[in-house]
Amino acid sequence: MRITILTYGSQGDVQPCLALAVYLQRAGHTPLLALPALFRAQANTLGIPAVSLPGDIAQLSLGFNRAGKNPLAMMRAMQENIEPVAIEVARAAWLACQAADLIVHTFAFTLGAHAFARQLNIPDISVQFFP
C-alpha cells in the first residue's frame, strides 16, 4: 500500500512519523513522508522517501517560544510564519498525496488532508501526538 504521511512542525511532530514510516516500510508498504525541509535528511538517512514542505520551522518555533502563553503574540507568530507559506505547503502536500492509497496526517493537516482524501476518494487517518 502506498501511504503518504503529512506532518508539519517541530522534531516532536516529525519524529513519530519517521518511526511510523520505518515500521510501514518494514511491513512491506511504500511510505512517502511530506515534512519540513529541515527534517528531510533524517528521512533520507532512514531510507524513507520524502518530499520537503516549504517554510522555516526553526523560525516558527522561535516565534511560538517568544509568544509564550500570550494568545495575541501566538496569532502574530502564526501570521508572520505560516500565512506566507500556507498555499505552497498545501500545494506540496496535495502533490505528495496523488499516488497514495491512504493519507496519514498530523494535527497541522487535520482539515486539509481530510479534504485531499475525499477529493482523491481514499481513506485518511489523523494521528495526534500530543503529550
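The model is predicted: local features need pLDDT of at least 70, side-chain atom pairs count only at pLDDT 80 or more, and totals for chains, interfaces and linings use all residues. Residues are numbered from 1 along each chain as its sequence is written, and side-chain values use heavy atoms, with hydrogens and water left out.

**Helix pairs**

- Two packed helices are described by the angle between their axes and the distance between the axes.
- Axes here are lines fitted to C-alpha atoms, for helices over the stretch in contact, and angles run from 0 to 180 degrees between N-to-C directions.
- Helices (H or I, at least four residues) and strands (E, at least two) are DSSP runs, numbered from the N terminus.
- The axes of α5 and α6 cross at roughly 40° and come within 11 Å.
- The α5 and α6 crossing is right-handed; a crossing gets that name if the near helix is turned clockwise from the far one by less than a right angle, and left-handed if anticlockwise.
- Ala90, Ala93 and Trp94 of α5 make the contact with Phe116, Gln119 and Leu120 of α6; contact means heavy atoms within 4.5 Å.
- The residues of the contact of α5 with α6 are five nonpolar, one polar and no charged.
- For these classes, Ala, Val, Leu, Ile, Met, Phe, Trp, Tyr, Cys and Pro count as nonpolar, Asp, Glu, Lys and Arg as charged, and the others, Gly among them, as polar.
- α3 packs with α4 (residues 71–81) at an angle of about 165°, and their axes lie 8 Å apart.
- The crossing of α3 and α4 is right-handed.
- On the α3 side, the contact residues are Gln59, Leu60, Gly63, Phe64 and Ala67; on the α4 side, they are Ala73, Met74, Ala77, Met78 and Asn81.
- The contact of α3 with α4 has seven nonpolar residues, three polar and no charged.

**Nonpolar core**

- A nonpolar core is a set of buried Ala, Val, Leu, Ile, Met, Phe, Trp, Tyr and Cys residues joined through side-chain atoms within 4.5 Å.
- Buried means under 20% relative accessible area, exposed over 50% and partly exposed in between (1.4 Å probe, protein chains only).
- The largest such core has 36 residues, and Ile5, Leu6, Tyr8, Leu33, Leu53, Ile103 and Phe109 touch the most other members.
- At least two core residues come from each of β1 (2–6), α1 (11–26), β2 (30–36), β3 (50–53), α3 (57–67), α5 (86–96), β4 (102–105) and α6 (110–120).
- α1 gives the largest share of this core, six residues.
- Beyond its neighbours within four places in sequence, Leu6 has contacts that include Ala34, Ala93, Ile103, Thr106, Phe109 and Phe116.

- Thr106 sits in the loop between β4 and α6.
- Thr106 is buried, because its relative accessible area is 4%.
- Outside the four places on either side in sequence, Thr106 is in contact with Leu6, Thr7, Tyr8, Asp13, Cys17, Val127, Gln128 and Phe129.
- Leu32 is in strand β2.
- At a relative accessible area of 22%, Leu32 is partly exposed.
- Leu32 contacts Ile3, Thr4, Ile5, Pro49, Ala50, Val51 and Ala96, leaving aside neighbours within four places in sequence.
- Leu32 and His105 are 73 residues apart along the chain, and their C-alpha atoms are separated by 12 Å.

**Loop residues**

- Asp56 lies in the loop between β3 and α3 and is partly exposed at 48% relative accessibility.
- The C-alpha atoms of Asp56 and Val85, 29 residues apart along the chain, are 9.2 Å from each other.
- Pro84 lies in the loop between α4 and α5 and is exposed, with a relative accessible area of 52%.
- From Pro84 to Gly55 is 8.4 Å, C-alpha to C-alpha, with 29 residues of sequence separation.
- Asn70 is in the loop between α3 and α4 and counts as partly exposed at 37% relative accessibility.
- Asn70 and Trp94 are 24 residues apart along the chain, with their C-alpha atoms separated by 33 Å.
- Asn121 is in the loop between α6 and β5 (124–126) and counts as exposed at 69% relative accessibility.
- Phi of Asn121 is near 60°, a positive value in a residue other than glycine.
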